[in-house]
Amino acid sequence: MAQSVAGPEIERLIQLLARLPGLGPRSARRAALHLIKKRDTLLTPLSDAMRVASERIIVCSTCGNVDTADPCTICRDQRRDPSILVVVEDVSDLWALERSGAVTARYHVLGGVLSPLDGIRPEHLNFDRLVARASDAEVSEIILALNATVDGQTTAHYITELLAHLPVKVTKLAHGVPVGGELDYLDEGTLSAAIRQRTSF
């Protein structure tokens with residue numbers, strides 16, 4: 001059995017860091033040691049920032065994004081196209097799309113995808129608010145930016161049926177060959193989707 005090499009406060013820091021995505025026990029120990037070595041320039045400011053974030057971060061009641069204001073910065077942005085609503089699974093997906101700069105629309109965060117095996121049913125996700133927002137006369141298109149997984153595609157089909165009675169166009173992201181991708185390294189599903197969704201050159 002491994003023995004503790006530091007006091008309980010440091011061990012707790014390591015244990016908490018190890019819970020972060022992408023950090024295992026060894027990476028957490030390295031991160032903790034780095035924070036401790038840079039206590040004045042990194043650890044103290046980080047702990048202050050985390051305390052402030054914990055106190056002030058809220059979920060936007062309009063779209064489901066996280067921010068320090070409600071409505072969030074994106075929902076308040078007058079430059080965004082109000083006719084397009086991009087539906088995403090999680091806030092991380094919203095942030096990824098924003099980093100790409102590919103769209104200047106408004107968003108709707110579902111808070112997950114339908115997953116019978118995990119017990120996630122329609123009532124657990126933000127569908128009611130989506131239908132209400134899609135019913136707005138200003139909205140003309142719903143873009144389903146959901147992951148190309150079985151659960152993601154099941155959710156996309158469910159949303160399509162949910163919005164079928166509304167006069168909005170429902171579209172989805174294209175799936176296929178990534179920019180810079182080599183065919184030899186792609187899986188059969190990706191290649192199949194790329195062929196089915198081919199476009200004019």
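1. How many cavities of 30 Å³ or more does the structure hold? In this predicted model, the structure holds one such cavity. The space in the largest cavity comes to about 40 Å³. Its lining is made up of Leu144, Leu146, Gln153, Ala156, Lys172 and His175. By class, the lining residues are three nonpolar, two polar and one charged.

2. The sheet is the next item. It is an open sheet of four strands, with the order β4-β3-β5-β6 and parallel pairing. At its edges are β4 (105-109) and β6 (169-172), each of which pairs on one side only. From one strand to the next, the twist averages 25°. As background, the strands of a sheet pair through backbone hydrogen bonds, in either a parallel or an antiparallel manner.

3. Within the sheet, strand β3 (residues 81-88) and strand β5 (residues 141-145) run parallel and are joined by five bridges.

4. Two annotated regions come from the UniProt record. An unreviewed entry gives "zinc finger region: C4-type" for residues 60-75. In the model, the end C-alpha atoms of residues 60-75 lie 9 Å apart, and the span is 19% helix and 12% strand. The feature "domain: Toprim", also from an unreviewed entry, is placed by UniProt at residues 83-178.

5. Where is Ala194 found, and what is Ala194 in contact with? Ala194 is found in helix α8 (residues 188-196). Leaving aside neighbours within four places in sequence, Ala194 is in contact with His175, Gly176 and Val177. Of these contacts, His175 is also one of the residues lining the largest cavity. The C-alpha atoms of Ala194 and Ala174 are separated by 8.2 Å, with the two residues 20 residues apart along the chain.

How values were computed. Residues numbered from 1 in each chain as written. Predicted model: local features only at pLDDT ≥ 70, side-chain atom pairs only at ≥ 80, totals over all residues. Heavy atoms only, no water. UniProt positions renumbered as here; feature names shortened; annotations may be inferred. Helix = DSSP H or I, 4+ residues; strand = E, 2+ residues; numbered from the N terminus. 1 Å grid on protein atoms, 1.4 Å probe; cavity = no way out; pocket = protein on both sides within 12 Å on 5 of 7 lines; lining within 4 Å. Points joined across faces, edges and corners; volume = space filled by probe spheres on them. Nonpolar A, V, L, I, M, F, W, Y, C, P; charged D, E, K, R; others polar. Pairing = 2+ DSSP bridges. Axes fitted to C-alpha atoms, helices over the stretch in contact; angles between N-to-C directions. Contact = heavy atoms within 4.5 Å.
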